[in-house]
Amino acid sequence: MQELFVIPDCRVVTVEPVGAAGLHVAARVKHSHAYCPSRQRPSQSVHSRYHRHPGDLPSLGNAVHINLLVRRFYCHNPVCPRRTFAEPVPELLPARARRTRRLAEAQGRVGVTCGGEAGARLLRRLGLPTSADTVLRLVRALPLPECAPPSVQGVDDWALRKGRSYGTILVDLEARRVADLLPDRTAQTLTEWLKDRDTVTVIARDRSTEYARGSALGAPGAVQVADRWHLLQNLRQMVERWLAGVHGRLRRLPPVSGGTAARRVGGYPRSRAEAAATADRRARRHALYEEVRRRVAAGEKLLTISRTMGLARGTVRSYAHAQHFPERAARESALGILAPYREYLEARLAEGNEDAAALWRELQDRGFAGSAKQVRRWLNQRRTTPAQFTPHKWRPGPTETASASATGPFPALISPRQRAWRLVQAPQSIDTAATEAVARISQDPEVATGRHLVRRFAELIGRCGVRSDAVPTNPCAVLETWLNDALSCGIPAVETFAAGVRQDEAAVKAALTMPWSSGQAEGQVNKLKLIKRQMYGRASFDLLRRRVLLAA
């Protein structure tokens, strides 16, 4: 019995089943005397006895309740303010507690993992029933882990409410665990946190100027390391905004291959009403574009324009940086199972064959197992004239034929975001279609110059972050040469990006020569998001911080 039911500082008297799945364990304290909590003097004079009924961990699938006999002793010290005192059982349970310490810790640990409501549901299944509020109270009572003073610190932001309020997460990159959460992402808060920890020697961060200033003020002797992934992300964002601004000029460039013959990139309108609706939607977008440009010229901030006009910040930013009205790019349907027959279809289309049924029969002879509808969908975006049996009411008139393709005689360009990805990626890692798209926009002298600079910077950062044998002998000298070329290239977007890199040059050079990055911090942010969503995003900051630190 004693081996099956181990109760600290107590001996088991009896064990009785209660109900279908419950046990009552009668126990009493082993010692014949107790020490007064005030004066720490022993006493054996029993004043009275009473019973406590705390809950304990389950046994063999049964809920356990302890019937503990507790004695009260006289204190014989005349100056003691206590006349009597109850014998303490500190290892088993604290005073006035309704559950043992081990039960409270088990329920609290479940709350750390699952949260309040989910934890309470799981605990009922495990034979440890309690309420969701009690689970959260026990989580708050758990002691926070003691960590060694950090030396290499990662800093990143996280969203308490996305778009409204943000905090800061600090990660010990050597121990690979969360060091702390801060309620905001200001330089002052980070400075105060770092001043209390003078052991920090390296700080890996993103490109935030607030974090740069906070790190410089809080730990002036620490080396700041800019995250390589964020450098490439900033590069891609710069390229995207730049290409979006010159989209109107680039879309008039002819394709490198395939000649300059007129070719449609979208299906013909099914009716005149549909064509009119398309033109009306374009007119509304154009009016918004003109209004945004007017407000930007008047000096309004982009965030103010976004809130006033009810537009997304990304839309306002793209309109503000666009030199011409950004037309919507036509989307081409995916090839799917037609991919192996693409070259054959393109060759037959170049010969002037626009009969979908005939092309489908030819593909069947070559092993194509799809339907004629798939061939027809592919062909509808490439026709130079409507199909032979198209009803007259759906055939466009002369003016509609001229306005059917917004891109004029040449195929539409892919979106600025896609073009930005193509320019940042290595040429050997993109497919043939992407290579043709890059070659087409590279006919523009400005894009050709900027493309060369973008690829040089991306290759420098990529080589330093992948393997040591590909790192240049002196990456800092390579960066210095790139900065000099970029700052004098004559492209405003690239020059602005290079000026930002120059301002943060010490941290960027540290990123090229040191192995640290904020990648671990990004992973911990994902873990934080999971914990936050378990509480439906309604947890207070102190509870969220405690759960993240206890789960680390």
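This is a predicted model: local features need pLDDT of at least 70, side-chain atom pairs count only at pLDDT 80 or more; totals for chains, interfaces and linings use all residues.
**Close-up A. Helix H8 and the helices it packs against.** An α-helix has 3.6 residues a turn, so residues three or four places apart point the same way. H8 itself covers residues 272-297, 26 residues in all, and reaches 37 Å from its first C-alpha to its last, close to the 38 Å expected at 1.5 Å a residue. After the helix, look for Gly299, which has a positive phi near 100°.

**Close-up B. Asn353 in the loop between H11 and H12.** Here we move to the loop that lies between helix H11 (342-350) and helix H12 (356-365), where Asn353 is found. Asn353 counts as buried because its relative accessibility is 15%, and buried means under 20%. Its side chain reaches the backbone nitrogen of Asp355 at 3.1 Å. If you set aside the neighbours within four places in sequence, Asn353 is in contact with Arg348, Leu359 and Glu362.

**Close-up C. The packing of H1 with H22.** Two packed helices are described by the angle between their axes and the distance between the axes. For helix H1 (residues 101-114) and helix H22 (residues 541-551), the angle is about 105° and the axes are 9 Å apart. The two helices, H1 and H22, are therefore roughly perpendicular to each other. On the H1 side you will find Arg109, Gly111, Val112, Thr113 and Cys114, which meet Arg547, Leu550 and Ala551 of H22. Sorted by type, the residues of this contact are four nonpolar, two polar and two charged.

Notes. Residues are numbered from 1 along each chain as its sequence is written. Side-chain values use heavy atoms; hydrogens and water are left out. Helices (H or I, at least four residues) and strands (E, at least two) are DSSP runs, numbered from the N terminus. The expected span of a helix is 1.5 Å times one less than its number of residues. Buried means under 20% relative accessible area, exposed over 50%, partly exposed in between (1.4 Å probe, protein chains only). A polar contact is a pair of N or O atoms within 3.5 Å; within protein, one must be able to donate a hydrogen and the other to accept it, and residues adjacent in sequence count only if both atoms are side-chain atoms. Contact means heavy atoms within 4.5 Å. Axes are lines fitted to C-alpha atoms, for helices over the stretch in contact, and angles run from 0 to 180 degrees between N-to-C directions. Angles under 35 degrees count as roughly parallel, over 145 as roughly antiparallel, 65 to 115 as roughly perpendicular and the rest as oblique. Ala, Val, Leu, Ile, Met, Phe, Trp, Tyr, Cys and Pro count as nonpolar, Asp, Glu, Lys and Arg as charged, and the others, Gly among them, as polar.
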